[in-house]
Amino acid sequence: MNTHKLCSFIFAISLIGLAHAESLEQLEPTSLRKHQSINVSIAALLFPPVSHIGEQGRYSGTAVETIRRMCETSNMNCSFQILPTARAYTYIEQGLIDVLMTAKFDRFNECCTFTSWQYKMTMGLYSAQTIETIPSDEVSLLGQEIILIRQWQSPYQVFPNLNSLAEQGKIKISYSNSISSSIKMLYKGRAPLLWGVDIYTWYFKKLHIPMNKIHYKKLVELPSGMWVAKRSTKHDEIIKRFYDAQTDLTETGALENGEFLEPFLMEAVYQDAVVPN
């Protein structure tokens, strides 16, 4: 092969290699190729199996692990923490954290922006009463006693006048500081009604409390996901990167029904929680 042909051959091979490299680059998540790393602080409530501290001390949960994957995909260095409800709400409203994982409550519309990624969660009442007799509005709630968890916003989506009804003596409210204790209160007969969410079945199982005589009446469905603080200097960038990450993971089939990680991906990273008190 003469010098001219050798040079032409080498040049052709170089073009093929460059084209191959470009094709591989196109397969990488867009966000990883375009973005510099940023630090993002994320707070969640203690809410197994969605968000909790795992048995080996890792922040985990179906939502936490999904968000962690989105952070990695979009080159965000995300740090997680579990906070009490009141403190978490104060932190996000004052911009002391970048992101809060919770449901789409109206109280956060002024301070924050809800991200595009979200998952469905239903809320309602648990009771030994029949489904037909479990209250579904404030009128049918009159004269009854209900167990609520302090600081929770979701009961007011269905019963907006709970506090005034209690002050007038038309209903009675028993407060609990945790999901586990509220379920134990229901089981021990402290009150006939417990406000909760569909994932309480995880708690009943872990607490070895049979559900054969307990009924759940769904009263409202709220999207849950992430609120980004408008006071955060990274607000716009965080919103965009989570959107990019959600798009990338959806296109590659990593999200089940567009919500949590596919089971085979989740199983590789998820750590179950120790049952909270």
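I take contact to mean heavy atoms within 4.5 Å. The model I am looking at is predicted.

**Entry 1: Phe242**

I looked up which residues Phe242 touches, leaving aside its neighbours within four places in sequence. Phe242 is in contact with Ile42, Ile67, Met70, Cys71, Met76, Val99, Thr115 and Met226.

**Entry 2: the nonpolar core**

Next I looked up the largest nonpolar core and found 83 residues in it. Phe242 is among the residues with the most contacts inside this core, along with Ile42, Ile67, Trp195 and Tyr200. Which strand gives the core its largest share? I noted strand β6, residues 112–127, which supplies eight residues. As a general remark, nonpolar side chains tend to be buried together in soluble globular proteins.

I then turned to charged side chains. The count of salt bridges comes to nine. I looked up three of them one by one.

In one, the side chains of Glu65 and Arg68 meet, with 2.9 Å from N to O. Both residues lie in helix α3, which runs over residues 62–73. They are three residues apart, about one turn of that helix. Are Glu65 and Arg68 buried or exposed? I find Glu65 buried, and Arg68 is buried too.

**Entry 3: Asp98 and Lys234**

Asp98 forms a salt bridge with Lys234, and their closest N and O atoms are 3.6 Å apart. I looked up where each partner sits. Asp98 is in the loop between α4 (85–93) and β5 (99–103), and Lys234 is in the loop between β10 (215–229) and α9 (235–251), so the pair ties together parts that are 136 residues apart in sequence.

Why does Asp98 count as buried? Its relative accessibility is 8%, and buried means under 20%. Lys234 counts as partly exposed because its relative accessibility is 25%, a value that falls in the range between 20% and 50%.

**Entry 4: Asp244 and Lys240**

Asp244 forms a salt bridge with Lys240, the closest N and O atoms lying 2.9 Å apart. Both are in helix α9, and because they are four residues apart there, about one helical turn separates them. Asp244 has a relative accessible area of 16% and is therefore buried. Lys240 has a relative accessible area of 42%, so I wrote it down as partly exposed.

Conventions
Residues are numbered from 1 along each chain as its sequence is written. This is a predicted model: local features need pLDDT of at least 70, side-chain atom pairs count only at pLDDT 80 or more; totals for chains, interfaces and linings use all residues. Side-chain values use heavy atoms; hydrogens and water are left out. A nonpolar core is a set of buried Ala, Val, Leu, Ile, Met, Phe, Trp, Tyr and Cys residues joined through side-chain atoms within 4.5 Å. Buried means under 20% relative accessible area, exposed over 50%, partly exposed in between (1.4 Å probe, protein chains only). Helices (H or I, at least four residues) and strands (E, at least two) are DSSP runs, numbered from the N terminus. A salt bridge is a side-chain nitrogen of Lys or Arg within 4 Å of a carboxyl oxygen of Asp or Glu.
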